[in-house]
Amino acid sequence: ASCQTDLTLVSERKPKGLSCWGCMTASGQTSSASKKTEEMRNKQSKKKAAARGVFGDTENMKEKARRALIRLQYNVQDCYHETGIIQKIAKHPMFDNVTLAMILLNACWMAFDLDLNEADMLYEADPIFQVVENLFCTYFSCELLIRFSAFKLKSNSLRDFWFMFDSVLVLLMVLETWVLTIYMMSSNPKSSSDLSKVAILRLVMVVKMLRISRMARLLRSVPELVSLIKGIKAASRPVVVFFVMWIIIVYIYAFVFRQLSPPDSMYFSSMPEAINSLLLNGLLPDHAVLVNNATRENWVFWPLMLTFVSLAVLTLMNMLVGVLVEVVGALAVTEKEGMTVSYLSGELRRIFEDRQLDAEMPLTQLEFKKLVVDPDAAFVIESVGVDVAQLVDMAHNLFEDLSKAGEIGFSFECLVELILNMRGTNPAKVKDMKEQLKVIKAIMKETQRAADTGFEKLDLELMRIKDELRELRQAHTDHEIALSHPESDDDEDDDVAPDVASG
């Protein structure tokens, strides 16, 4: 009942011609019944989450995903105008593809600029850097302006996350490329203090680092990358728990080693040194040298390097191993299925040739029964995991479906497909359940027909028995009447005797 309520609310929530979140909000508030239902579901989800503990629950994740997809899905293009050249440009797939290409080029250009551009400010750089930066800034500004102009209600742009995200990045890019450049060129370099220049340089550095976050749009456009990000999010809780467990173990052993080691120990001279030695040389020996060398240059590199190793090496590499195992498993199943199909079709073709059967002609019901009871064919069929006796029992139902479809028999391809589908190792599907229901209904109809025929015969037999009993009862009644009047018969005999004598 709650699912039907949600589906009804979803169908009513989208008014005609209005499908964006802002329009749905303007159409009315959610009913109290749906709020209560949602609260109950949230409570149930929290209880299940508390029950499953550290490790994720597959069924709970499926249920959450199903509930999220049942609701009306948000699409920013539903908030755009329905007519006009601007909305047509904003909705065109080429517009998104060109923007993604520009984001990729901008990310590559940022690496090129970081290595070869030695100027602190843009106006001090070589002309090629100035031209390219202005081109990128112009394109992203125009792209954002087109998207903003396409909104039917401009206030809906404030509700779109990706529009606000891009707006902040474009604003920072405009600030770095145009505003700060104009400010620095218009001001007197000699009058500006060193402190203000250092502050501006730090601002430019922060802006450049934030611009790389535009790569998130590339991740969003590739479904496989989105799946990996969701996988990292789902695994974040158990990963963090294991990391905490590692830290606790490292801290305990660092304390013990520090207590037992002399003050001039190479690895355990202090608690931070002991923790660093156990963490890097003990848990991450392959990256110890890199992390230690980077930390000597700047202490900020130590947490950054550990975050990189934890995310890129431990998490993603183990996810890669899991994905490879799954792909290899799927490939092995596919190859095994291909070998089974090849063996079955080859052997059946050989049997068809030996029995002088035409593989191009449909196989009738009589030929099908003769084929499956043939010793060679039965051995081949059983070797792929099919019960021959069950296949023979199902022949009537199978050919009954064919006759309803107007066909006289199975083709060779359909025969191979039928045998493969009748394997006992196949997982049950909705199609199999439907076929099972059809078989049960056919059996019930046949049973009902036989029962009706039997009841008719029973009724006739009961009527015959009833008639015989009536006749027997009548005969018995006549006999009793005859026995109850014997004297009257004797008197009649006495009257007759004198008459005979006188005569």
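Colleague: Is Tyr74 buried, partly exposed or exposed?

Modeller: In this predicted model, Tyr74 has a relative accessible area of 33%, so Tyr74 counts as partly exposed.

Colleague: Where is Tyr74 found?

Modeller: Tyr74 belongs to the loop that runs between helix 4 (58-70) and helix 5 (85-91).

Colleague: How many Å apart in space are Tyr74 and Asp160?

Modeller: The C-alpha to C-alpha distance between Tyr74 and Asp160 is 9.7 Å, while in sequence they are 86 residues apart.

Colleague: Turning to the whole chain, how many helices and strands does the protein chain have?

Modeller: The protein chain has 21 helices and zero strands.

Colleague: What share of the residues is buried?

Modeller: Of the 503 residues in the protein chain, 25% are buried. The accessible surface comes to about 35100 Å², and carbon and sulfur atoms hold 64% of that area.

Colleague: And what share of the contacts with a separation of 6 or more comes from residues 24 or more positions apart?

Modeller: Such residue pairs account for 65% of those contacts in the protein chain.

Colleague: Let us look at the helices. At what angle do helix 12 and helix 13 pack?

Modeller: Helix 12 (residues 271-283) packs against helix 13 (residues 288-297) at an angle of about 140°, and their axes are 8 Å apart. Helix 12 is therefore oblique to helix 13, because an angle has to be over 145 degrees to count as roughly antiparallel.

Colleague: Which residues meet there?

Modeller: From helix 12, Asn276, Leu280 and Asn281 meet Ala288, Val291 and Asn292 of helix 13. The residues of this contact comprise three nonpolar, three polar and no charged.

Colleague: What about Glu176, is that residue buried or exposed?

Modeller: Glu176 is buried, because its relative accessible area is 9%, and the cut-off for buried is under 20%. Glu176 lies in helix 8 (residues 161-186).

Colleague: Which residues does Glu176 touch, not counting those up to four places away in sequence?

Modeller: Glu176 touches Thr181, Val204, Val207, Lys208 and Arg211.

Colleague: One more topic: how many disulfides does a search of the whole structure find?

Modeller: The search finds zero disulfides. A disulfide is a covalent bond between the sulfur atoms of two cysteines.

Colleague: Are Cys79 and Cys414 buried or partly exposed?

Modeller: Cys79 counts as buried because its relative accessibility is 4%. Cys414, at 40% relative accessibility, counts as partly exposed.

Technical notes. Residues are numbered from 1 along each chain as its sequence is written. This is a predicted model: local features need pLDDT of at least 70, side-chain atom pairs count only at pLDDT 80 or more; totals for chains, interfaces and linings use all residues. Side-chain values use heavy atoms; hydrogens and water are left out. Axes are lines fitted to C-alpha atoms, for helices over the stretch in contact, and angles run from 0 to 180 degrees between N-to-C directions. Helices (H or I, at least four residues) and strands (E, at least two) are DSSP runs, numbered from the N terminus. Angles under 35 degrees count as roughly parallel, over 145 as roughly antiparallel, 65 to 115 as roughly perpendicular and the rest as oblique. Contact means heavy atoms within 4.5 Å. Ala, Val, Leu, Ile, Met, Phe, Trp, Tyr, Cys and Pro count as nonpolar, Asp, Glu, Lys and Arg as charged, and the others, Gly among them, as polar. A disulfide is a pair of cysteine sulfur atoms within 2.5 Å. Buried means under 20% relative accessible area, exposed over 50%, partly exposed in between (1.4 Å probe, protein chains only). Accessible areas come from the Shrake-Rupley method with a 1.4 Å probe; for residues, only the protein chains shown count as cover.
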